[in-house]
Amino acid sequence: MPVHDRIPREIFEIILHLCVGFKTPVYDLENLQLVCRSWRDIVAEASFLWSTITTLEGPGVFHKALRMAKDSPLDIIFIELVHGDVQAKDFFGLTGNKIDQWRSLEIQASEDMEDALAFIQTQNLPPKLEILQVHYEWDTPEAADAVLFRGTPATGLKHVELIRASINIPSLRLSGLKSLILRQIPSITAADIATILTNSPTLETLRLAQLNDAVLPTKPATGKPNYSFHSPIQLPSLIELRLNGLPFHFLGFLLWNLVAPQLRMLEVIAKHPIAQLLATDKSHLSTTLTSVTSGAREYEIGLYGGYEIITGGLRIVLTLPSVRGSMDDFKETFDRLSEQLRGLALEDLPLHIRFEYCEPGLSDLEWFTRRTNVTWLTFFNEQPRTQHIMDVIPLLGRPTSGPSPIWLLPQLEVFRIDLVSTKIRSLIVDMFKARHAALPDSFPDLRGAFPKHLKEVWLFHFSNYPMSSPLEEFLAEFAQAAKGADVYWAGRGSGRGGRKPIRYADLASGIPHR
């Protein structure tokens, strides 16, 4: 018995729908019809399978989809093509005849954006429209904000995504949203966003990026606004919150005032120090941070021109022009974050720290040793910084000097490094020999723990500089110095997505690899 006869027709049609791609829905459906006569008829009769009307397949093809969809709800997708096969006026002139069936509308355009929005401005709000996505492909044009749907309140919209779009957002009077994504919208204000959030308690996803005009007002608003900059905004269904490049005080307002007990992802990316935003106790921030980090068993820190802290569903990123500035602010941010987290001691969790083209000093390594539990250390280097890395590696192979000497990063279990220079190889070997040979009798004045034996070592060569000595000899020597640790070699490549790492033990035994 054929598969389409063994399961209910509705289930089989759903399976067919999952086989239809976003870019070529009609092409995929026509291929399914080639399987057999029964499949041809099933696909033809299931009008909802043809409901994606997109410019990506050309004018003749979307004409067919529009015809085959009949009375089904429609997903209208206008993506401006380089060769200009489909013009906005023609596309919306045709699809507009079925505007009452529109379920979603997506516009990605540049030169044709004005014509696309011109049509939308003259239409009443489609009664079934739930999703609105408008992406302007270039920088936002200097034009008056378009008032869509003749200014009709878009109360039926559930998902809104606007990128570099000159749209009059207040005129939509958005409410009851489930997702809101705004990026580089030139004219939206903090009051506009606060109003939308206050009126959308069912919001599940919120992403705001580079909204330069979203600044807090210096004077109280006239009239009776639908929000308050001093009262919490209740978002009991919010799961994902991403804030990128927002004005400092507006960022603080969101972090302090959003009440989101179900939040599982919080991402904050800023160009200014944010430690002071974590310092207040007069906010809901501590509850939010505790929620997104609940159950975290490890965390990760990246240091480069700025820094990032990742733990559980929390990601904090700061981009600063100087490494020194980022280190100082990082330490303050770490302290403030540790104070805010309830029931989660960052100092005790295993930490993976990445130094990416960064120059950590002895004081930085001592700070991490005393304040954190580093179990995983990664160095990504580049040729001009080789000398500094060569100065750092020996520090890991001996206790510090002074009245209270300590071994740096004694809990280290995984070590990863980019082999930029041949000289680094011998330093790495010597460092591991020294750590493995450390005995209490040799350092009677030592404070703290002695270094563990490593479990894994990952060696890379991502730069374009050639390796000037035989690899096999070094790997053999290193594997011996690592004393039982699994040694992995990632090969050469122009980027981090190069060859798949292989175990040295497999390489030495002749096991084939790719």
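The legends below describe close-up views of a predicted model.

**View 1. Surroundings of K158.** K158 sits in the loop that runs between β4 (131-136) and β5 (159-163). Its relative accessibility is 30%, so K158 counts as partly exposed. Apart from neighbours within four places in sequence, K158 is in contact with E130, G176, L177, K178 and S179. For one of these, L177, the C-alpha atom is 4.3 Å from that of K158, although the two residues are 19 apart along the chain.

**View 2. The aromatic pair F12 and W39.** The whole structure contains 22 aromatic pairs. In the pair of F12 and W39, the ring centres are 5.2 Å apart and the planes meet at 70°, so the arrangement is edge-to-face. F12 belongs to helix α2 (residues 9-18) and W39 to helix α4 (residues 37-45), so the pair links distant parts of the chain, 27 residues apart. F12 has 4% relative accessibility and therefore counts as buried. W39, at 16%, also counts as buried, because the limit for buried is under 20%.

**View 3. The aromatic pair F379 and F415.** The rings of F379 and F415 form an edge-to-face pair, with 6.3 Å from centre to centre and 65° between the planes. F379 is in strand β16 (residues 373-380) and F415 is in strand β17 (residues 414-418), so the pair ties together parts 36 residues apart in sequence. Both residues are buried. F379 and F415 also belong to one aromatic cluster, whose members include Y299, Y307, W367 and F478.

**View 4. Salt bridges of E240.** A search of the whole structure finds 18 salt bridges. E240 forms one with R207, where the closest N and O atoms are 2.7 Å apart. Because E240 lies in strand β9 (residues 240-244) and R207 in strand β7 (residues 205-209), this pair ties together parts 33 residues apart in sequence. E240 forms another salt bridge with R242, with the closest N and O atoms 2.6 Å apart. E240 counts as buried at 14% relative accessibility, whereas R207 counts as partly exposed at 35%. R242 is partly exposed too, with a relative accessible area of 26%.

**View 5. The salt bridge between R371 and D335.** The closest N and O atoms of R371 and D335 are 2.8 Å apart in this salt bridge. R371 lies in helix α12 (residues 362-371) and D335 in helix α11 (residues 323-340), so the pair ties together parts that are 36 residues apart in sequence. R371 is partly exposed, with a relative accessible area of 25%. D335 is partly exposed as well, at 27%.

Methods. Residues numbered from 1 in each chain as written. Predicted model: local features only at pLDDT ≥ 70, side-chain atom pairs only at ≥ 80, totals over all residues. Heavy atoms only, no water. Helix = DSSP H or I, 4+ residues; strand = E, 2+ residues; numbered from the N terminus. Buried < 20%, exposed > 50% of the residue type's maximum accessible area, 1.4 Å probe, protein only. Contact = heavy atoms within 4.5 Å. Phe/Tyr/Trp six-rings, centres within 6.5 Å; stacked < 30°, edge-to-face > 60°. Salt bridge = Lys/Arg side-chain N within 4 Å of Asp/Glu carboxyl O.
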